[in-house]
Every structure is written in structure tokens, then in C-alpha cells.
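Colleague: Please take me through the charged side-chain pairs of this model.

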Amino acid sequence: MSIVTFWNDDKEQVGKTLTSVAVATKMAIERNLKILLISTAYRDPTMKNCYWADGVQKKLKLFEKGNNFAVESGVEGLSKLIRANKIQPTIITDYTKVIFKGRLEVLGGYIGASDKTDEERLVDYKETAECYPELLRLANQYYDMVLVDIDNNLDNEIKKELLKISNLNMYVLTQILSGLDKYN
């Protein structure tokens, strides 16, 4: 199977997320491949907004006293399973949004609970981000192709590990001449 990363080390917006979305969607339409598109973003809804509108967070009612809690989904839920060593590659699909059944699934970036402070969410994001390398390895066992949008907010060591795991690294750069000069 193949892992393709889309990355950039510049802080300017270069269309990296939209490029990964376009490539994933085009491949899902034209090829008979089971594709997973992963966002490593911190509280950035760009990828989600490309495919679906805001939804309501699921809640479960426990016992009869009205105790509710939010069901963790997406990368936040998967990271807890990875840290607990309770994950199989086939479980990943339960935490994704299906775009084209059997062809394209999306695992959105870190959102964080609304009842947490920004500092708490940042700590939680860093813990979640540590699970991305293992998540890619597991996803590579189940999907024909895994495409990853690497966020610039990720720790550099995690970025390097994701790039090392990948079969193809797509460096997306700005169309400004100075961006090309910087890359060269």
C-alpha cells in the first residue's frame, strides 16, 4: 500500500489542504482504490468544510440520572485506542467520515472539546499528534492508499517521522517566486 504526504515548511498559506482534498477526491472517483485522507490540523475546519457541514456532537445517556458525555470520534478517539494498544487497522473506518462508500474516507484533524481551555486543548493535541505515526502504519495495512495533510503546527520530530514513513512526499509551495527561491 502507499502513504502520500502533502507538506510545506512555510507559514504562508499555499493550498496544501485543498491540494490533498483534490487529489484524494479525484483518485477516489477515477480509481478503484480504498483511500483514507487524514488531516493533522489543529482546530482547522478546512478539510471538513470541503466535504460536509457542521454536525451535532453525539451524546450518550448513561444510567438514569442524566449523566451525559460526548463520544470521542475522529483522531481524538483513535489516539486513545492507540495509546491503550486496543486498536486494529479495521477499526479506523469506524472513526472516519465516509465520502464515497468503499472508496474515500476522511479522518479530520483535532477539534478538541468545547468545555476545555485553549491550553488544555493544545496539550491534548500534542498527545494526539504523537499517535499519528502509528496511525499511518495501521491505516497502511487496511487502505490501498493513505493521503496525509501535514499541519505546520505539528512537532518537527513527528513531521520528520511521518515523512520518513511515507512512500511519496508532495512538497506544496507558494506560487510566489520568493517561495520557489526559498525551496531551492
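Modeller: The model is predicted, so local features need pLDDT of at least 70 and side-chain atom pairs count only at pLDDT 80 or more, whereas totals for chains, interfaces and linings use all residues. Residues are numbered from 1 along each chain as its sequence is written, and side-chain values use heavy atoms, with hydrogens and water left out.

Colleague: How many salt bridges does the structure hold?

Modeller: A salt bridge is a side-chain nitrogen of Lys or Arg within 4 Å of a carboxyl oxygen of Asp or Glu. One of the pairs is lysine 34 with glutamate 105, at 3.8 Å from N to O. The total is eight.

Colleague: Which parts does the pair of lysine 16 and aspartate 149 tie together?

Modeller: The closest N and O atoms of lysine 16 and aspartate 149 are 2.8 Å apart. Helices (H or I, at least four residues) and strands (E, at least two) are DSSP runs, numbered from the N terminus. Because lysine 16 and aspartate 149 are 133 residues apart in sequence, the pair ties together helix H1 (residues 16–30) and strand S7 (residues 145–149).

Colleague: Is aspartate 124 buried or exposed?

Modeller: Aspartate 124 forms a salt bridge with lysine 116, with the closest N and O atoms 3.5 Å apart. Buried means under 20% relative accessible area, exposed over 50%, and partly exposed in between (1.4 Å probe, protein chains only). Lysine 116, at 31%, is partly exposed. At 12% relative accessibility, aspartate 124 is buried.
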